[in-house]
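Please look over the model below before reading the notes. Comments are grouped by region.

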Amino acid sequence: FIVFNLQWVLSPKYFNFPLPITLTMIHMGFSGFVAFLLIRVFKVVAPVKMTFEIYATCVVPISAFFASSLWFGNTAYLHISVAFIQMLKALMPVATFIMAVICGTDKPRCDVFSNMLLVSVGVVISSYGEIHFNIVGTVYQVTGIFAEALRLVLTQVLLQKKGLTLNPINSLYYIAPCSFVFLAFPWYVLEKPTMEVSQIQFNFWIFFSNALCALALNFSIFLVIGRTGAVTIRVAGVLKDWILIALSTVIFPESTITGLNIIGYAIALCGVVMYNYIKVKDVKASQPTADSLPDRINKEWKMEKKSSDKFNPDVGGESPRVGGEINDEEAPLITSRLSHIGRTQLGNHAA
């Protein structure tokens, strides 16, 4: 996606469509249209119940920062190489941690701060070793990183606070059109005048395949997050960066990397790996250890047996009398199917 959609299409040396906001608006418009068809026309998934309050207080600010991150991040490809952009993206954990501390979702920690310092030093060394260093492109990319970090934190704060969960299609259905509207303002001021006076080539199949790649990327991001664990996502992200850096140097000759680039990025990568390890360890520590199925069967069978022993049925066939005070937690009104299976299995084993 990055090599084809951004570097090749936007670069004046190749397809020569140097309008990143227009390209991003095409992506958002196409993604929102496909999501509308899947929800409203083909009814593949049901729409989420969305009130005006939730839309105004959650979806709108998230869409605004999502549009900002795409705008600034894609514009950076006009000024700096793919390889250097991937090296700058090592700052993503730093930006996310800073925004999380500011928004109150995370607390300052010495171990995380030391990792952030290591990442920052590595990125500075890598930037110093960049041959085609461009301050404008670097500012665009760093601004896009912080906008994306703020979007991630706002998603956690706003949507989770409202108890709202969005699947990939619903996410595009609500966020993509709103992001399109936010992108329309800078497009009207910055790129619309340029399109009127310059000869910009437009190839339908190029932009259609471009939009398909963007749609597939958006879907895959949400699916990977939903179906894999934190370790897989973070390891895959590191491998993706290395592969993209190597691939960009092969496809685009101007994306040359120096030894200082590699040293700086390796230092930053060490900090990223250590940060990922800390976050994964925190997630595992916060999750309660689940009992195995035999343990649950055994516990529930004992619980039900303990509660049933407190009943003393009358021999004369009258209604059963309670022989003692019963705890509601120990005597459920409905016998569970799991308890019945557990008694049957334990009875057969004893026989």
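The numbered points below cover helices, the nonpolar core and the cysteines.

1. The structure is a predicted model. The values below are computed from its atoms and should be read with that in mind.

2. Geometry of helix α2. Helix α2 covers residues 20-41. With 22 residues at 1.5 Å a residue, α2 should span 32 Å, and the 31 Å between its end C-alpha atoms agrees with that. Just after α2, K43 has a positive phi of about 50 degrees.

3. Is T22 buried or exposed? T22 has a relative accessibility of 10%, which is under the 20% limit, so T22 counts as buried. Leaving out residues up to four places away in sequence, T22 touches F17, W187, E191 and M195. Of these partners, F17 turns up again in the next point, among the residues with the most contacts inside the largest nonpolar core.

4. The nonpolar core. How many residues does the largest nonpolar core have? The count is 74, and the residues with the most contacts inside this core are F17, A90, V119, V123 and L183. For A90, the contacts beyond four places in sequence are V119, V123, Y265, A268 and V272.

5. E148 in helix α7. E148 sits in helix α7, which runs over residues 135-162. The side chains of E148 and R151 make a polar contact at 2.6 Å. Apart from neighbours within four places in sequence, E148 is in contact with F66, S69 and M92.

6. F185 in helix α8. Helix α8 takes in residues 168-197, F185 among them. F185 has a relative accessibility of 56%; the limit for exposed is over 50%, so F185 counts as exposed. Although F185 and I21 are 164 residues apart along the chain, their C-alpha atoms are separated by 9.9 Å.

7. Cysteines. How many disulfides are there? With a cut-off of 2.5 Å between cysteine sulfur atoms, the count is 0 disulfides. As for accessibility, C103 has a relative accessible area of 34%, which lies between the 20% and 50% limits, so C103 is partly exposed. C110, at 72%, is over the 50% limit and therefore counts as exposed.

How values were computed. Residues are numbered from 1 along each chain as its sequence is written. This is a predicted model: local features need pLDDT of at least 70, side-chain atom pairs count only at pLDDT 80 or more; totals for chains, interfaces and linings use all residues. Side-chain values use heavy atoms; hydrogens and water are left out. Buried means under 20% relative accessible area, exposed over 50%, partly exposed in between (1.4 Å probe, protein chains only). Helices (H or I, at least four residues) and strands (E, at least two) are DSSP runs, numbered from the N terminus. Contact means heavy atoms within 4.5 Å. The expected span of a helix is 1.5 Å times one less than its number of residues. A nonpolar core is a set of buried Ala, Val, Leu, Ile, Met, Phe, Trp, Tyr and Cys residues joined through side-chain atoms within 4.5 Å. A polar contact is a pair of N or O atoms within 3.5 Å; within protein, one must be able to donate a hydrogen and the other to accept it, and residues adjacent in sequence count only if both atoms are side-chain atoms.
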